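This report goes through one protein model, with its ligand, by sheets and contacts. The sequence and the structure come first.

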Amino acid sequence: MSDAPTSRLEGLHKMTPAERLQAVARQTNLGNEAVSDLVSAAEGRIELADRLVENAISVMSIPVGIATNMIVDGRDVLVPMATEESSVIAAVCNAAKRCRGTGGFVTSSSGPVMAAQVQLLGGGDPNNVRLKVYERINEIRAICDEVDPLLVKVGGGFRDVDVRVVDTAEGPMTIVHIIVDTRDAMGANAVNSMAEALAPKLSEWTGARSLLRILTNLADRRVVRARAVWPLEEIGGQEVRDNMLSAYHFADADPYRAATHNKGIMNGVSAVVLATGNDTRAIEAGAHAFASRDGRYRSMSRWERDPAGNLVGSLEMPMAVGLVGGATKVHPTARANLAVLGVSSADELARIIVSIGLAQNFAAMRALATTGIQKGHMALHAQNVALVVGAVGDEVDKVASELKALGKVRQDLAEEILARIRADNS
Ligand code: MEV
């Protein structure tokens, strides 16, 4: 029997993960099977989980697969992707293979520059406040660099200050951006600490009250670009190319379509971000905000035909990822995935991630402009459905191949097929 249904589990954070799990199981009437699933999912990892988050009871594992065929800036690279979505990795492998002949992906980057915002309220005319801040740039530099001398030692640190006056529902506010080169760190800790150290001084200098002090995920000074050329024969001819261009124009013009088009790009991007222990939410927030920078939500990628008739794709987006700090350093799977990638800087990782996003977008557009995506999904999806209905061992392939032969991947059909296979074998 469970205790009274309450979400007040006092002292949960002080318990060991095993004790916590028992407490949660009691409270929710969790069956033994579910408890042992949670225990076995976390085998060998629960201590780490307990250090990473509050109230850890288990670990949620996500498959890591390898994207093959990628050439980024002339280097062949195998890219680990962490995703639960069936067709994502296969799609990248296919798209990357189709542009190997033209050299794969060529990238460029604006460098690892992050910004934090300090919100200033009052202090008189916000434009005066703004100028008073600019006058202190040398002091600002000194305060920021003092917060993270190690960063300065490796070539990073304070770069610039930008002060904006933003109109809000309660009147204008002065918003100070401190701009920092965070080198191989994602940089959240560095810039947040700098903003917090600086805020009291900004108040003192300007007479304004400082309130929020936090990085912006719209990392538009940390933009990475990837470009690739797909030859006509690799696309499937002129008609497919033109249909892909129409698919792109649709996405660029219509936010309803752009959201899905960009979600496809993020299928690739987030999978590598997650596999390397980076912050998927930060990247996603930055990506979608950047896609709206013209005042309208648009396609993150651009597509065109070159004079020879080939399809040229490019993707430009903020990419605030790091190699040091956070889960990248402490999570063994993230560390191993970084070793597979063989990258020596956060910038190099960022370039690979954006290339993967572009490959993903090519594959989705090509599928949508030809057979639709369900065909490609079918094989892996059929296996998922077989698992969902309880198939084990050989049964999974048998159920999946019957579903594929029927051309209908449905749970009710999978149940019928499984029941028949079991009856035949009994
Ligand atoms: C599915 O996860 C992603 C797609 O919907 C992307 C797209 O529509 O471009 C296939």
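## Basis

The model is predicted. Values given here are computed from its coordinates.

## Sheet β5-β6-β4-β7

Strands β5, β6, β4 and β7 make up an open sheet of four strands, in the order β5-β6-β4-β7 and with antiparallel pairing. Its edges are β5, residues 157-168, and β7, residues 209-215, each of which pairs on one side only. From one strand to the next, the twist averages 20 degrees. Five bridges connect β7 with β4, which spans residues 113-121, and the two pair in the antiparallel sense. Across from Ser210 in β7 stands Leu120.

Helix α6, residues 137-147, lies across β5 and β6, and runs at about 115 degrees to β5.

## Sheet β3-β8-β10-β9

Another open sheet is formed by four strands in the order β3-β8-β10-β9, and here the pairing is antiparallel. The edge strands, each pairing on one side only, are β3 (106-109) and β9 (301-305). On average, and with direction ignored, neighbouring strands of this sheet are turned by 15 degrees against each other. Strands β3 and β8 run antiparallel and are joined by four bridges, with β8 covering residues 223-230. Arg227 in β8 has Val106 opposite. Helix α12, residues 280-291, packs on the sheet and touches β8 and β10, where β10 is residues 311-318. The angle between the directions of α12 and β10 is about 115 degrees.

At the other end of the strand order, β9 and β10 run antiparallel with five bridges between them. Arg305 faces Leu311 in β10 as its opposite residue. The two strands form a hairpin with five residues between them. In the turn, Gly309 has a positive phi of about 95 degrees. Helix α15, residues 346-369, lies across β3, β8, β9 and β10, and its direction is at about 45 degrees to β8.

## Ligand site

Which residues are around the ligand? They are Glu85, Arg257, Thr260, His261, Lys263, Gly264, Asn267, Ala364, Leu368 and Ile373.

Arg257 places a polar side-chain atom 2.8 Å from an oxygen atom of the ligand. For Lys263, the distance from a side-chain N or O atom to a ligand oxygen atom is 2.7 Å. Asn267 has a polar side-chain atom 2.9 Å from an oxygen atom of the ligand. On its own the ligand has 300 Å² of accessible area, and the protein covers 86% of this.

## Salt bridge at the site

There are 21 salt bridges in the structure. Side chains of opposite charge can pair when their charged atoms come close. One of the salt bridges is between the side chains of Glu85 and Lys263, with an N to O distance of 2.9 Å. Why does this pair tie together parts that are apart in sequence? Glu85 lies in the loop between β2 (75-82) and α4 (88-98), whereas Lys263 is in helix α11 (residues 255-275), so the pair links parts that are 178 residues apart in sequence. Both Glu85 and Lys263 are also among the residues around the ligand.

Note on methods. Residues are numbered from 1 along each chain as its sequence is written. This is a predicted model: local features need pLDDT of at least 70, side-chain atom pairs count only at pLDDT 80 or more; totals for chains, interfaces and linings use all residues. Side-chain values use heavy atoms; hydrogens and water are left out. Two strands pair if DSSP finds at least two bridges between them. Axes are lines fitted to C-alpha atoms, for helices over the stretch in contact, and angles run from 0 to 180 degrees between N-to-C directions. Contact means heavy atoms within 4.5 Å. A residue is near a molecule or strand if one of its heavy atoms lies within 4 Å of it. A polar contact is a pair of N or O atoms within 3.5 Å; within protein, one must be able to donate a hydrogen and the other to accept it, and residues adjacent in sequence count only if both atoms are side-chain atoms. Accessible areas come from the Shrake-Rupley method with a 1.4 Å probe; for residues, only the protein chains shown count as cover. A salt bridge is a side-chain nitrogen of Lys or Arg within 4 Å of a carboxyl oxygen of Asp or Glu.
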